[in-house]
Amino acid sequence: CSSFRELWSFLAPGQRAKGAASMVEFEYDMTRWKDAKIWSGGPVEDWEVLRADGSKPAVSVHPRDMMDYHGLSSMWPRELYSRAVCVGEEQVTEVIKLQEELKFHFYYTGLDPRDGTEDPKEYMCLVVYSKANWKDIQRGLAQLGLELNAEEAVDKDTEDLAIQMMLRASDAWITYCDPWMKREFTDDAGLLQPGKVYRLNENGLQEKLGL
(Lines give C-alpha, C1' and ligand atoms only; values in the text may rest on other atoms or scores of the structure.)
Protein backbone atom coordinates (compact mmCIF):
# COMPACT_ATOMS: atom_id res chain seq x y z
CA CYS A 1 0.00 0.00 0.00
CA SER A 2 1.09 3.59 -0.56
CA SER A 3 0.95 6.53 1.76
CA PHE A 4 -1.30 9.43 0.84
CA ARG A 5 1.83 11.57 0.38
CA GLU A 6 3.18 9.15 -2.26
CA LEU A 7 -0.11 8.99 -4.12
CA TRP A 8 -0.42 12.79 -3.95
CA SER A 9 2.99 13.11 -5.63
CA PHE A 10 1.67 11.20 -8.66
CA LEU A 11 -0.82 13.96 -9.49
CA ALA A 12 -0.17 16.70 -11.96
CA PRO A 13 -0.38 20.24 -10.47
CA GLY A 14 -3.69 20.86 -12.23
CA GLN A 15 -5.17 17.67 -10.83
CA ARG A 16 -4.03 18.57 -7.32
CA ALA A 17 -5.73 21.96 -7.45
CA LYS A 18 -8.94 20.48 -8.75
CA GLY A 19 -8.94 17.73 -6.14
CA ALA A 20 -8.15 20.10 -3.28
CA ALA A 21 -10.85 22.56 -4.27
CA SER A 22 -13.77 20.23 -4.86
CA MET A 23 -12.72 16.98 -3.08
CA VAL A 24 -13.55 14.95 -6.17
CA GLU A 25 -12.08 11.62 -7.26
CA PHE A 26 -8.37 11.64 -8.09
CA GLU A 27 -6.72 9.95 -11.04
CA TYR A 28 -3.45 8.23 -10.15
CA ASP A 29 -0.66 7.26 -12.49
CA MET A 30 -0.15 3.64 -11.43
CA THR A 31 2.37 2.95 -14.19
CA ARG A 32 5.07 3.98 -11.72
CA TRP A 33 4.38 0.78 -9.76
CA LYS A 34 5.25 -1.56 -12.62
CA ASP A 35 8.71 -2.19 -11.24
CA ALA A 36 7.61 -2.49 -7.60
CA LYS A 37 8.84 -5.47 -5.61
CA ILE A 38 5.28 -6.79 -5.31
CA TRP A 39 2.90 -5.99 -8.14
CA SER A 40 -0.78 -6.69 -7.60
CA GLY A 41 -2.42 -4.52 -10.23
CA GLY A 42 -3.05 -7.17 -12.86
CA PRO A 43 -1.08 -7.71 -16.09
CA VAL A 44 1.59 -5.05 -16.57
CA GLU A 45 0.48 -4.74 -20.21
CA ASP A 46 -2.80 -3.22 -19.03
CA TRP A 47 -1.02 -0.18 -17.66
CA GLU A 48 -0.32 1.68 -20.88
CA VAL A 49 2.35 4.35 -21.20
CA LEU A 50 1.62 7.88 -22.31
CA ARG A 51 0.74 8.42 -25.97
CA ALA A 52 2.81 10.65 -28.21
CA ASP A 53 0.44 13.56 -27.60
CA GLY A 54 0.84 13.16 -23.86
CA SER A 55 -2.58 11.63 -23.23
CA LYS A 56 -3.04 8.41 -21.35
CA PRO A 57 -6.04 6.09 -21.83
CA ALA A 58 -7.98 5.17 -18.72
CA VAL A 59 -7.46 1.63 -17.46
CA SER A 60 -10.32 -0.04 -15.63
CA VAL A 61 -9.32 -1.92 -12.49
CA HIS A 62 -11.47 -4.70 -11.05
CA PRO A 63 -10.90 -6.49 -7.72
CA ARG A 64 -10.13 -9.58 -9.80
CA ASP A 65 -6.80 -7.92 -10.53
CA MET A 66 -5.81 -8.22 -6.87
CA MET A 67 -3.21 -10.84 -6.06
CA ASP A 68 -5.60 -12.93 -3.95
CA TYR A 69 -9.02 -12.08 -5.33
CA HIS A 70 -10.20 -15.66 -4.79
CA GLY A 71 -9.23 -15.59 -1.13
CA LEU A 72 -10.66 -12.13 -0.50
CA SER A 73 -13.94 -12.97 -2.22
CA SER A 74 -14.30 -16.09 -0.09
CA MET A 75 -14.19 -14.26 3.25
CA TRP A 76 -17.94 -14.11 3.79
CA PRO A 77 -19.47 -15.77 6.87
CA ARG A 78 -20.67 -19.29 6.11
CA GLU A 79 -23.55 -21.31 7.49
CA LEU A 80 -21.77 -23.38 10.13
CA TYR A 81 -22.97 -25.58 12.97
CA SER A 82 -21.36 -26.76 16.18
CA ARG A 83 -21.61 -29.65 18.62
CA ALA A 84 -20.09 -29.76 22.09
CA VAL A 85 -18.12 -32.68 23.48
CA CYS A 86 -15.82 -33.38 26.42
CA VAL A 87 -12.48 -34.90 25.43
CA GLY A 88 -9.80 -36.49 27.60
CA GLU A 89 -6.28 -35.09 27.62
CA GLU A 90 -4.91 -37.93 25.49
CA GLN A 91 -7.67 -37.60 22.88
CA VAL A 92 -7.26 -33.91 22.06
CA THR A 93 -4.29 -34.48 19.79
CA GLU A 94 -6.04 -37.39 18.08
CA VAL A 95 -9.06 -35.21 17.30
CA ILE A 96 -6.84 -32.43 15.91
CA LYS A 97 -5.11 -34.91 13.60
CA LEU A 98 -8.48 -35.70 12.01
CA GLN A 99 -9.47 -32.10 11.22
CA GLU A 100 -8.15 -31.90 7.69
CA GLU A 101 -9.41 -35.35 6.73
CA LEU A 102 -12.89 -34.90 8.19
CA LYS A 103 -13.15 -31.15 7.45
CA PHE A 104 -14.05 -29.42 10.70
CA HIS A 105 -12.83 -26.59 12.93
CA PHE A 106 -11.94 -27.33 16.55
CA TYR A 107 -12.30 -25.05 19.60
CA TYR A 108 -11.16 -26.38 22.96
CA THR A 109 -10.41 -25.20 26.48
CA GLY A 110 -9.17 -27.08 29.52
CA LEU A 111 -11.10 -27.76 32.71
CA ASP A 112 -9.33 -26.84 35.92
CA PRO A 113 -8.10 -30.17 37.35
CA ARG A 114 -8.38 -28.76 40.90
CA ASP A 115 -5.52 -31.02 42.01
CA GLY A 116 -2.90 -28.32 42.48
CA THR A 117 -1.57 -28.64 38.94
CA GLU A 118 -2.18 -26.65 35.77
CA ASP A 119 -2.45 -29.66 33.49
CA PRO A 120 -6.06 -30.24 32.37
CA LYS A 121 -7.25 -33.83 32.43
CA GLU A 122 -10.34 -33.01 30.41
CA TYR A 123 -11.26 -30.45 27.79
CA MET A 124 -14.53 -28.80 26.80
CA CYS A 125 -14.64 -28.69 23.02
CA LEU A 126 -16.67 -27.47 20.08
CA VAL A 127 -16.60 -29.19 16.72
CA VAL A 128 -17.58 -26.57 14.12
CA TYR A 129 -18.55 -27.75 10.66
CA SER A 130 -20.65 -27.45 7.52
CA LYS A 131 -23.65 -29.77 7.37
CA ALA A 132 -22.32 -31.30 4.18
CA ASN A 133 -19.42 -32.81 6.17
CA TRP A 134 -21.32 -33.94 9.26
CA LYS A 135 -21.80 -37.62 8.38
CA ASP A 136 -18.08 -38.17 7.82
CA ILE A 137 -17.23 -36.23 10.99
CA GLN A 138 -19.67 -38.32 13.02
CA ARG A 139 -18.22 -41.59 11.74
CA GLY A 140 -14.63 -40.45 12.20
CA LEU A 141 -15.02 -39.22 15.77
CA ALA A 142 -17.09 -42.26 16.73
CA GLN A 143 -13.95 -44.32 16.09
CA LEU A 144 -12.39 -42.40 18.98
CA GLY A 145 -15.39 -43.21 21.16
CA LEU A 146 -16.73 -39.64 21.05
CA GLU A 147 -20.44 -38.87 21.00
CA LEU A 148 -21.23 -35.23 20.34
CA ASN A 149 -24.10 -33.22 21.83
CA ALA A 150 -27.02 -31.67 19.95
CA GLU A 151 -26.39 -29.48 16.95
CA GLU A 152 -26.52 -25.69 17.26
CA ALA A 153 -26.21 -23.04 14.55
CA VAL A 154 -23.12 -20.84 14.89
CA ASP A 155 -23.98 -17.20 15.62
CA LYS A 156 -22.57 -15.08 12.78
CA ASP A 157 -22.63 -11.98 15.01
CA THR A 158 -20.50 -13.46 17.79
CA GLU A 159 -17.61 -11.32 19.05
CA ASP A 160 -15.44 -14.39 19.56
CA LEU A 161 -12.46 -13.91 17.25
CA ALA A 162 -11.82 -17.63 16.83
CA ILE A 163 -15.40 -18.32 15.74
CA GLN A 164 -15.27 -15.40 13.30
CA MET A 165 -12.11 -16.90 11.79
CA MET A 166 -13.89 -20.22 11.37
CA LEU A 167 -16.91 -18.57 9.76
CA ARG A 168 -14.71 -16.92 7.14
CA ALA A 169 -12.04 -19.57 6.51
CA SER A 170 -12.15 -20.61 2.85
CA ASP A 171 -9.46 -23.27 2.65
CA ALA A 172 -8.16 -23.90 6.18
CA TRP A 173 -9.37 -25.77 9.26
CA ILE A 174 -8.95 -23.62 12.36
CA THR A 175 -7.68 -25.11 15.63
CA TYR A 176 -8.15 -22.75 18.56
CA CYS A 177 -7.26 -23.25 22.20
CA ASP A 178 -8.76 -20.92 24.80
CA PRO A 179 -5.90 -20.76 27.34
CA TRP A 180 -8.10 -19.85 30.32
CA MET A 181 -9.11 -22.98 32.20
CA LYS A 182 -12.72 -23.35 33.25
CA ARG A 183 -14.55 -24.79 36.27
CA GLU A 184 -17.92 -26.45 36.32
CA PHE A 185 -20.37 -25.27 38.98
CA THR A 186 -24.06 -24.70 39.59
CA ASP A 187 -25.70 -21.41 40.48
CA ASP A 188 -28.80 -22.65 42.26
CA ALA A 189 -29.16 -19.37 44.17
CA GLY A 190 -29.19 -17.29 40.97
CA LEU A 191 -26.24 -15.13 42.02
CA LEU A 192 -24.97 -14.56 38.50
CA GLN A 193 -26.51 -12.56 35.68
CA PRO A 194 -25.87 -13.36 32.00
CA GLY A 195 -23.34 -11.02 30.37
CA LYS A 196 -22.01 -9.57 33.62
CA VAL A 197 -18.36 -9.99 34.66
CA TYR A 198 -17.65 -11.15 38.22
CA ARG A 199 -14.44 -11.48 40.23
CA LEU A 200 -14.24 -14.52 42.48
CA ASN A 201 -12.33 -12.68 45.21
CA GLU A 202 -15.02 -10.01 45.65
CA ASN A 203 -18.06 -10.14 47.95
CA GLY A 204 -17.35 -13.71 49.01
CA LEU A 205 -18.53 -14.93 45.62
CA GLN A 206 -16.10 -17.84 45.53
CA GLU A 207 -17.39 -19.26 48.79
CA LYS A 208 -21.02 -18.72 47.81
CA LEU A 209 -20.55 -20.67 44.58
CA GLY A 210 -18.49 -23.37 46.22
CA LEU A 211 -15.46 -22.72 44.07
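Reader: Why does T109 count as buried?

Author: This is a predicted model, and in it T109 has a relative accessibility of 5%; buried means under 20%, so T109 counts as buried. T109 lies in strand 2, which spans residues 105–111, and seven of the seven residues of that strand are buried.

Reader: What makes the pair T109 and K182 a polar contact?

Author: The side chains of T109 and K182 come to 3.2 Å in this contact, and because the cut-off for a pair of N or O atoms is within 3.5 Å, the pair qualifies as a polar contact. K182 is also among the residues that T109 touches, together with Y123, M124, D178 and W180, when residues up to four places away in sequence are not counted.

Reader: How do you know that strand 2 pairs with strand 3, and in which sense?

Author: Strand 2 and strand 3 share six bridges, and since pairing requires at least two, they are paired, in the antiparallel sense. Within this pairing, Y108 stands opposite C125.

Reader: What joins strand 2 to strand 5?

Author: Five bridges join strand 2 to strand 5 (residues 175–182), and these two strands run parallel. Here the bridge partner of Y108 is C177.

Reader: Which residues touch the most other members of the largest nonpolar core?

Author: They are F104, F106, V127, I137 and L141, in a core of 19 residues. Strand 3 gives the largest share of this core, namely four residues.

Note on methods
Residues numbered from 1 in each chain as written. Predicted model: local features only at pLDDT ≥ 70, side-chain atom pairs only at ≥ 80, totals over all residues. Heavy atoms only, no water. Buried < 20%, exposed > 50% of the residue type's maximum accessible area, 1.4 Å probe, protein only. Polar contact = N/O pair within 3.5 Å; in protein donor to acceptor, adjacent residues only side chain to side chain. Contact = heavy atoms within 4.5 Å. Core = buried A, V, L, I, M, F, W, Y, C linked by side-chain atoms within 4.5 Å.
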